Amino acid sequence: MKQFLKHRVIPTLGAWTAGPVQRRVVVLTYHSVHGSSSAASVRPEQFEAHLAWLRAHTDVISFADVLAATEDASRTCPAVAVTFDDGYADNYEIAFPILERYKVPATFFLTAGLIARDEAVIAHCQALRRTDRASVEPMRVDQLREMQAAGHQFGAHTWAHVNLTRMSLDAAADDLERSKKWLEDALGQSMSSFAYPFGKVGRHYTQAHADLVQRLGHSSAASVAFRAVPLGRSPFHIPRFLVTNDTVEELQAKVMGHYDVLGVWQERAPTWLSRRISPRDFSV
């Protein structure tokens, strides 16, 4: 039933309701690019096919330019930003060379405790992804600096990758502040952007957390919702599509608006009800 909804009902309904394709602004989020890990978002050859399609059919932009792109009425094709969450080693070893080959800028939202090699955080990420230790090996700071020098951008993704709604607001503030400071010290740049772990509004973060992110000095924050970025969207609720072993055709459907009906549901439905229509294989 889940697969029927995902591959048949929702894309068909979305194709009927999608707006003008050329005005769409879409943010994609990957986690891991790997040829054998069971936790990979995509295999290397899939990722390369995605970037080739994006280069041929969209205006590839940086995450920092997403909101400005929604106001650009002169565009003739969709604008798409590529992001990664967590900071796994394969982002540097496998994804980075492919990004460079296709000249695609990416923004990497880093779980600071993972990059700092906090063993508790590494174990937590391993449990979340239900995989082996090698699959959650983090990038090193020198690798991040090499990617930074090549023009890629970085943002914060908390220290411990926890569901913020399961913490007190004070504890969330401590986690966010710790991660922001550690990453800024390590990379020598401001962490102006942030991504909520898991990313579903109401289920994983609330407006109180968005206000906290703003107070701590971030200028934007990314969520997870299967929809384009609408005109006038708050910079602290920027929706992103998860990419999970998508074929090029499935990626195209996301970019063109065939899943936006699901994204609107994810953002607006009561939490207890949205879980029934937005199952785990649609999200984290």
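Two residues are in contact when they have heavy atoms within 4.5 Å of each other. The model is predicted: local features need pLDDT of at least 70, side-chain atom pairs count only at pLDDT 80 or more, and totals for chains, interfaces and linings use all residues. Residues are numbered from 1 along each chain as its sequence is written, and side-chain values use heavy atoms, with hydrogens and water left out.

**Exercise 1. Locate Arg24, decide whether it is buried or exposed, and list its contacts.**

Step 1. Arg24 sits in the loop between helix 1 (2–17) and strand 1 (25–30). Helices (H or I, at least four residues) and strands (E, at least two) are DSSP runs, numbered from the N terminus.

Step 2. Buried means under 20% relative accessible area, exposed over 50%, and partly exposed in between (1.4 Å probe, protein chains only). Arg24 counts as buried because its relative accessibility is 6%.

Step 3. Neighbours within four places in sequence are left aside; Arg24 is then in contact with Arg75, Pro78, Ala79, Ala228, Phe241, Lys254, Val255, Met256, Gly257 and Asp260.

**Exercise 2. Find which residues have the most contacts inside the largest nonpolar core.**

Step 1. A nonpolar core is a set of buried Ala, Val, Leu, Ile, Met, Phe, Trp, Tyr and Cys residues joined through side-chain atoms within 4.5 Å.

Step 2. The largest core has 64 residues, and those with the most contacts inside it are Phe47, Leu54 and Phe84.

Step 3. Apart from this core lies another, of 13 residues, including Val25, Val66, Ala79 and Val229.

Step 4. With neighbours within four places left aside, Phe47 touches Tyr30, Val33, Val42, Phe84, Ala95, Ile98 and Leu99.

**Exercise 3. Describe how helix 4 packs against helix 2 and helix 7.**

Step 1. Axes are lines fitted to C-alpha atoms, for helices over the stretch in contact, and angles run from 0 to 180 degrees between N-to-C directions. Angles under 35 degrees count as roughly parallel, over 145 as roughly antiparallel, 65 to 115 as roughly perpendicular and the rest as oblique.

Step 2. The axes of helix 2 (residues 44–57) and helix 4 come within 10 Å and cross at roughly 25°. Helix 2 is therefore roughly parallel to helix 4. On the helix 2 side the contact is made by Pro44, Phe47, Glu48, Leu51, Ala52 and Arg55, and on the helix 4 side by Ile94, Ala95, Ile98, Leu99, Arg101 and Tyr102.

Step 3. For helix 4 and helix 7 the angle is about 25°, with axes 10 Å apart, so these helices are roughly parallel to each other. Here Asn91, Tyr92 and Phe96 of helix 4 meet Gln143, Glu146 and Met147 of helix 7.

Step 4. Pro97, in helix 4 (residues 89–102), is 50 residues from Met147 in sequence and 9.8 Å from Met147 in space, C-alpha to C-alpha.

**Exercise 4. Classify the angle between helix 2 and helix 10.**

Step 1. Helix 2 and helix 10 pack at about 40°, with their axes 10 Å apart.

Step 2. This pair is therefore oblique.

Step 3. Ala49, His50, Trp53 and Leu54 of helix 2 meet Val248, Leu251, Gln252, Val255 and Met256 of helix 10.
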